[in-house]
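Hi,

Here's the structure I said I'd pass along.

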Amino acid sequence: MYIDPHIHMVSRTTDDYQRMALAGCVAITEPAFWAGYDRGSAQGFVDYFRLLTDTEPKRAAQFGIRHHTWLCINPKESEDIGLAREVLAEIPKFLDRPSVLGIGEIGLNKNSRNELVVLEEHIALAHSRGLLILVHTPHLEDKLKGTRLIMDAIAAQGVDPSRVLIDHVEEHTVRPVLDRGFWAGMTLYPDTKCTPQRAADIFEMHGTERLWINSAADWGVSDPLAVPKCRDEMRRRGHLDAIIKRVSFDNPKAFLSQSGRFSVK
Amino acid sequence: MSSPLRVDQVIDQYFLEHRAKVLDIAAFLDRHDRAAAAEGHPLSHESREIRMRALTRALELLRDGKPDRARRILELWSDPTTQPIAAAPMKGAIGAAPLA
Ligand SMILES: [Zn+2]
C-alpha cells in the first residue's frame, strides 16, 4: 500500500491507474502544472481546474484510488504576469472543492523576476487562506539557486515551513530544505531527477523525517510505477518494512492531512 | 539510518549496473571525439562547450577520493549566481552552468 503524492494523471492513461492500483497505490495528489504547451487564455486554466477537481477524482475512484489536487498557474507559464494574474483571480472559485489540498506546484523555472513575482502572489494567497503549499524547484543547473530563492520568498511572508513541501530535491538541495524546517520530496524521474537507488541513498544519508518520494509522472519520459520501484529498491537493500512504509505512506499522509481534506482508506 | 548492506553486498548488487554506465560514458566520449575529429573540433578533454567542460570536470571529481561526490557534482553544475534574472530566455535547462 502506498501514496504517490505528486503525479500528473491528466497526461496518463486509464491503464496507468489500473497498473498503479495493482501495485498498491491507494491515494495520489496531482498538482497543477505545465502541460507541455502554453495555454492561450485564463479560460484554458479554468477548464484544466475543472478536470483536476471533477474528472480525475472520478477516473481514479474506478480503481479505488483517492485523487486530490493542488491549484496554481505553474512557473513555466508565469513569465506573462498579466495572464498569471487572470488565472490567480480564478483559483479562489475552486478552493472550496473537497479534493483541493492547497496551492501548487508553484515555484520557479528559470529564476526570473516575473516568475518570482507570480510565486510571491501565490504564497500570499495560500498564506491568507491557511492553505498548504507544494513547491516545484527548477531543473538541472537552475535548481540550487531557485531552491534558495523560493525558500527565502516563503520565509519572507512568514509561512510556517512545516506546511510547505519543497519538491524535486536532490543531493545538493535536500539538506538546506530540511534544515530550514520544510518538508522535502524526491522525484523519481529518469534522466533529470532522482533514480530509486539515489533516493534510497539519500534516505540513508539524511534520514526519513519530513521526506517523501513521488513519481511526478507526466507527459515526458516518466514512470507512474516509480514509487513501488523505489520501495522495492529499499526492500532489496534490507530496509525494514516499517521504514519503507514511513517514506511511501506515513510521511505523505502526515503532511497532506494538515490540509484537513486528505483521505485515504 | 545507515545502509543495511555490507561492502561486499554493495559491490555484488551494483557492480554490473555501474560497469555498464562507465562503458556508456566511454562510448559517449568516443562518439563525441569521432565526430569532433571529422569536423576538426577539439576533442572532449579540450572542448570549450559548456556541457562537455562540465562533464570532464565532474569526471575528475569522481576520482578525488572524497565523499559526497553526487552532491559536489550537482553543485559544480549549478548556476552560482544569486539574483533573479531579468527574463526567462527559454523554458528548459541544458544541464550545466558555464564553469568559471
Ligand atoms: Zn509536477
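Leu134(A) sits opposite Leu165(A) of β6(A). The setting is a predicted model, and the two strands concerned, β5 (residues 132-136) and β6 (residues 164-166) of chain A, run parallel and are joined by three bridges.

Zooming out, that pair belongs to an open sheet of eight strands in chain A, ordered β1-β2-β3-β4-β5-β6-β7-β8 with parallel pairing. On average, neighbouring strands are turned by 25° against each other, ignoring direction.

Now the helices. Helix α1 (residues 14-22) of chain A packs on the sheet and touches β1, β2 (25-31) and β3 (66-71) of chain A; its direction is at about 135° to that of β2(A). Over β7 (183-187) and β8 of chain A lies helix α7 (residues 196-206) of chain A, running at about 175° to β8(A).

There's also a helix pair to check out: α4 (residues 113-129) and α5 (residues 143-156), both in chain A, have axes that come within 10 Å and cross at roughly 40°. Because of that angle, α4(A) counts as oblique to α5(A). The crossing is right-handed. On the α4(A) side, Leu116(A), Leu119(A), Glu120(A) and Ile123(A) meet Ile150(A), Ala153(A) and Ile154(A) of α5(A). Sorted by class, this contact between α4(A) and α5(A) has six nonpolar residues, one charged and no polar ones.

Cheers

Definitions and conventions:
Residues numbered from 1 in each chain as written. Chains lettered and ligands numbered in written order. Predicted model: local features only at pLDDT ≥ 70, side-chain atom pairs only at ≥ 80, totals over all residues. Heavy atoms only, no water. Pairing = 2+ DSSP bridges. Helix = DSSP H or I, 4+ residues; strand = E, 2+ residues; numbered from the N terminus. Axes fitted to C-alpha atoms, helices over the stretch in contact; angles between N-to-C directions. Contact = heavy atoms within 4.5 Å. Parallel < 35°, antiparallel > 145°, perpendicular 65-115°, else oblique. Left-handed = near helix turned anticlockwise from the far one by under 90°. Nonpolar A, V, L, I, M, F, W, Y, C, P; charged D, E, K, R; others polar.
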